[in-house]
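Here is a quick tour of one protein and the molecule it holds. Have a look at the sequence and the 3D view, then read on.

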Amino acid sequence: NTKEPWRPFNSSRVYMADLESALHYSLRVEVATHSVIKGDALISLKKYIAVLAKYFPGRTVMMNLLSSANSWLQNQAGDEISYEAFQEILDNSAQSPDTALPEGETWVGCQGSQPHFRRYPCGVWTLFHVLTVQALSIRATDPKEVLSAMRNYIRSFFGCRYCAEHFENMARESVMEVNTLSSAVLWLWSRHNRVNNRLAGALSEDPNFPKIQWPSPEMCSECHTVTVNGDHKWKEKEVLLYLQSYFSSDRILTDYLE
Ligand code: FAD
């Protein structure tokens, strides 16, 4: 029960260490709980890896790994694969010097004040915000591609099953309204705020990182306005600009990477 040392970080920045840790946990722990991957889960894994290979703004070694995992998966014509076979691709690539998935987790912006707070779920949100913003910035063709891969991944693999159910309900209700790359970015932002609203004050909340309607007025004053009757209203144009900058690939910090 060794407590990791606290890593000082800037709480208004995105860290590559969190994104890589999320990929490590997702591919080596979460997906690994399925010894055989078939049916919907196999479709989900293929879509997820394809989206990562396209939009993850990673280091060359990580991109090489994602690209070889993607080619291998796309070539699997049968209706099932074993996790072992997939793991071999992850491991084999890890042996070659130009590809790498990190060996462990190094949480930075997603550190919690206790080991059971934040970490992987925080990493998953961060990862998908980055991917929606990246798809927008490189003008992807399908506006629903990233969200649809996220929805499938969460439904098939996300360990917190009631979280997955909540997310699936939100997706079923409105994700079809997403018709542009910008609306995909805003959809994920607004659903994440709904989750924050539901979880504010819950036992799962890290007292040092309270759930807020994000971004706060301190982070982005232009994002907020008040209607004539005094209600709070978001200025979505400003929010979109803020998200594009906050999650943009060239602002991701590389501190604490091995
Ligand atoms: P997180 O909510 O994980 O956010 C991570 C970071 O993203 C924040 O630190 C902030 O920098 C940024 N951020 C915050 N809000 C936004 C926003 N609106 N838009 C863009 N960026 C933002 N837990 C439950 O207890 N019940 C659930 O039903 C549940 N459902 C979940 C569904 C999904 C799909 C996921 C990925 C997680 C879910 N969780 C749920 C976990 C929960 O949402 C948090 O991830 C967890 O409590 C850790 O919170 P956190 O403080 O690290 O911030």
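Three helices each put at least two residues into the shell around the ligand: H5 (120-137), H7 (161-174) and H8 (181-199). Keep in mind that you're looking at a predicted model. Which of the 25 residues around the ligand come nearest? They are Pro121, Cys122, Cys163, His192 and Trp214. Sort the shell by class and you get 16 nonpolar, 7 polar and 2 charged residues.

How far can you trust the picture? The protein has a mean pLDDT of 95, and 97% of its residues reach 70 or more. For the complex, the predictor gives an ipTM of 0.99 and a pTM of 0.97.

The largest nonpolar core has 59 residues, and the members that touch the most others are Ile49, Leu66, Leu131, Val146, Ala184 and Val185. Helices that give two or more residues to this core include H1 (16-30), H2 (39-55), H3 (60-74), H4 (83-95), H6 (145-157) and H9 (236-246), and H5 and H8 are on that list too. Which helix supplies the largest share of the core? That's H5, with 10 residues.

Take Ala184 from that core as an example. Setting aside its neighbours within four places in sequence, Ala184 is in contact with Thr132, Ala135, Pro143, Lys144, Val146, Leu147 and Val178. One of these partners, Val146, is also listed among the core members that touch the most others.

Pro215 is found in the loop between H8 and strand S3 (224-226), while Arg191 is in helix H8. Is Pro215 buried or exposed? Pro215 counts as buried because it has 21 C-beta neighbours inside 10 Å, and the cut-off for that label is 20 or more. Arg191 has 18 other C-beta atoms within 10 Å, so it comes out as partly exposed.

Not counting residues up to four places away in sequence, Pro215 touches Cys220, Cys223 and Tyr242.

| Pair | Apart along the chain | C-alpha separation |
|---|---|---|
| Pro215 and Asn193 | 22 residues | 9.3 Å |
| Arg191 and Ser174 | 17 residues | 9.9 Å |

Methods. Residues numbered from 1 in each chain as written. Predicted model: local features only at pLDDT ≥ 70, side-chain atom pairs only at ≥ 80, totals over all residues. Near = placed C-beta within 6 Å. Helix = DSSP H or I, 4+ residues; strand = E, 2+ residues; numbered from the N terminus. Nonpolar A, V, L, I, M, F, W, Y, C, P; charged D, E, K, R; others polar. Buried ≥ 20, exposed ≤ 12 C-beta atoms within 10 Å, placed from the backbone. Contact = placed C-beta atoms within 7 Å. Core = buried A, V, L, I, M, F, W, Y, C linked by C-beta atoms within 7 Å. pLDDT = per-residue confidence, 0-100.
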